[in-house]
2 protein chains.
Amino acid sequence: MTGEIDTAVILGAGNIAWHLGHFLSKSGITVVQVYNRSREHGKKLAISLKADFTDTADKLEKNAGIYFLAISDDAIKTVVKQLTISKDRLLVHTAGGVDMNVISGITENYGVFYPLQTFSKERHVDFTQIPLLVEANNTENLGRLKQLALTVSRHVYEMGSEDRMILHLAAVIASNFSNHLIACAENILKDRKLALEMLKPLMVETVAKAFAVTPGKAQTGPAVRGNFKLMEKHMAMLRSYPEIKEIYRLISDNIIKFKN
Amino acid sequence: MTGEIDTAVILGAGNIAWHLGHFLSKSGITVVQVYNRSREHGKKLAISLKADFTDTADKLEKNAGIYFLAISDDAIKTVVKQLTISKDRLLVHTAGGVDMNVISGITENYGVFYPLQTFSKERHVDFTQIPLLVEANNTENLGRLKQLALTVSRHVYEMGSEDRMILHLAAVIASNFSNHLIACAENILKDRKLALEMLKPLMVETVAKAFAVTPGKAQTGPAVRGNFKLMEKHMAMLRSYPEIKEIYRLISDNIIKFKN
């Protein structure tokens with residue numbers, strides 16, 4: 001199998017499937033089919049992409065240019081076993097935390113196409129700004145995946161499974177966990193009828209500064225200043241929030257250790 | 001004491017003193033003097049503001065329009081006791097986590113002028129975008145502080161000490177702790193020679209999304225999906241980083257609880 005990829009099948013109808021499908025479509029790749037076990041979500045995505053829909057692995061289009069597994073990590077192993085696509089088709093998964101070899105043995109051509117971003121359906125994201133990490137089982141497939149990636153993003157990187165899984169772990173820590181800290185802040189503020197919105201300029205600057213001057217140099221606040229009196233006061237203020245208090249203690253301790 | 005404030009003395013020469021001094025100056029308030037115990041930092045700020053410098057509390061300008069205590073929380077109590085300024089002068093501190101009453105009894109006119117932002121000297125910030133929280137010991141002083149605040153920022157809020165200290169606590173959790181998570185991510189990436197920079201689009205979107213759709217709805221990643229297998233794998237990958245592993249476990253547990 002050679003040549004440019006111009007047709008795709010999307011397996012899955014979650015957040016990544018949704019954003020990827022629409023962006024491929026905008027970039028001139030025809031999404032011919034959406035496969036999903038849940039008819040409701042799958043059909044909705046298929047209709048919005050003007051693609052066919054199926055919930056049956058047997059009825060998958062056999063000869064699309066590329067097959068994107070945009071399903072939950074746990075489901076990948078099960079779903080690939082059911083695939084009856086032509087042996088020469090290109091099959092990729094889109095999961096940061098899953099080894100490429102999990103999908104080996106199904107087709108001769110396989111790889112990974114991982115967009116390093118947090119996707120929610122409510123939220124438009126600009127794919128051209130998203131780092132796309134590609135990996136493939138041979139040089140030819142890597143070339144084809146890179147070519148495809150460059151049609152949707154300006155930031156394309158070749159990366160092996162091991163490095164990609166480290167990057168994904170770092171992304172979980174930095175992104176998902178920071179989002180949770182904002183949720184904790186919202187929790188405390190809500191109980192005093194204070195608006196989370198007031199923290200927005202601070203959070204935008206926090207991220208901009210961390211990348212501009214390194215997070216080590218960017219750190220401010222009671223822990224890095226060694227203001228133990230204020231930390232004690234904060235923990236007393238958190239007495240009705242035992243879990244947030246635990247997070248406060250652990251991260252403050254860690255900031256202090258990190259500094260020394 | 002009445003009328004518009006047109007001269008200021010800055011006590012301190014740290015990050016807030018630096019940014020506040022320059023922004024007041026730009027906004028047409030003359031900074032007449034900088035007081036600081038360390039001559040080196042104090043003189044540097046004074047020179048850049050074309051202001052006088054002193055390291056002696058006795059030699060403080062007695063009749064400036066306003067005195068900003070931009071010093072560390074711990075030093076506020078000690079420094080205010082040494083102040084020999086006129087009793088009718090307006091004295092404010094700039095600390096989110098300190099009660100206004102800590103500076104009562106020095107002058108008849110006092111308050112708080114707290115810029116809700118993270119300041120580092122290496123980094124320019126636009127004061128007009130920073131929420132400024134003001135509080136004063138009477139209505140007249142509050143009016144004067146608000147007027148002053150509105151000359152430097154478009155986002156001025158009246159807020160009592162109790163609410164301000166909650167907001168400051170929320171800011172520490174959301175901002176300082178998120179910055180530390182980015183530092184943890186950098187740590188892991190460095191050891192694999194991977195660039196932190198790759199996480200920038202993700203982090204910018206993480207913050208934008210949390211404020212656009214609420215952090216509860218914005219959450220993604222293994223914990224909120226209940227992907228225990230991946231969480232176990234991540235913790236195994238963190239075996240050489242026992243402290244980051246501890247943070248991983250605690251916050252993941254908390255995300256799971258928070259969801260239910």
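Guide: Chain A has ten helices and eight strands; helices (H or I, at least four residues) and strands (E, at least two) are DSSP runs, numbered from the N terminus. The model is predicted: local features need pLDDT of at least 70, side-chain atom pairs count only at pLDDT 80 or more, and totals for chains, interfaces and linings use all residues. Residues are numbered from 1 along each chain as its sequence is written, while chains are lettered from A and ligands numbered from 1 in the order in which they are written. For chain A the mean pLDDT (the predictor's confidence in each residue, from 0 to 100) is 95, and 99% of its residues reach 70 or more. The scores of the model are ipTM 0.94 and pTM 0.94.

Along the principal axes, the C-alpha atoms of chain A fill a box of roughly 65 × 40 × 30 Å. An assignment, automatic or from a database, divides chain A into domain 1 (7–159) and domain 2 (166–259). The C-alpha centres of these two domains of chain A are 35 Å apart. Four residues of domain 1 of chain A are in contact with four residues of domain 2 of chain A, where contact means that the C-beta atoms, placed from the backbone, lie within 7 Å.

Now the contact between the chains. Chain A and chain B give 82 residues each. On the side of chain B that touches chain A, the elements that give two or more residues include helix 3 (73–82), helix 5 (161–190), helix 6 (200–213) and helix 10 (242–259) of chain B. The largest share, 23 residues, is that of helix 5 of chain B. By class, this side of chain B has 46 nonpolar, 19 polar and 17 charged residues. Ala, Val, Leu, Ile, Met, Phe, Trp, Tyr, Cys and Pro count as nonpolar, Asp, Glu, Lys and Arg as charged, and the others, Gly among them, as polar.

Helix 5 of chain B has 30 residues, and its end C-alpha atoms are 42 Å apart, which agrees with the 44 Å it should span; the expected span is 1.5 Å times one less than the number of residues. A kink of about 25° is centred on Val172(B) in this helix; the bend at a residue is the angle between axes fitted to the seven residues ending there and the seven starting there. Because 25 of its 30 residues are buried, helix 5 of chain B is largely enclosed by the rest of the structure. Buried means 20 or more other C-beta atoms within 10 Å of a residue's own, exposed means 12 or fewer, and partly exposed lies in between, with C-beta atoms placed from the backbone.

One residue of chain B shows the contact in detail. Thr118(B) lies in the loop between strand 6 (109–115) and strand 7 (131–136) of chain B. With 23 other C-beta atoms within 10 Å, Thr118(B) is buried. Not counting residues up to four places away in sequence, Thr118(B) touches Leu202(A), Glu205(A), Thr206(A), Lys209(A), Thr220(A) and Ser175(B).

A last detail concerns helix 6 of chain B. Thr214(B) is found in the loop between helix 6 and helix 7 of chain B. Thr214(B) has a positive phi of about 80° although it is not a glycine. Most residues other than glycine have a negative phi. Thr214(B) is partly exposed, with 15 other C-beta atoms within 10 Å.

Methods. Contact = placed C-beta atoms within 7 Å.
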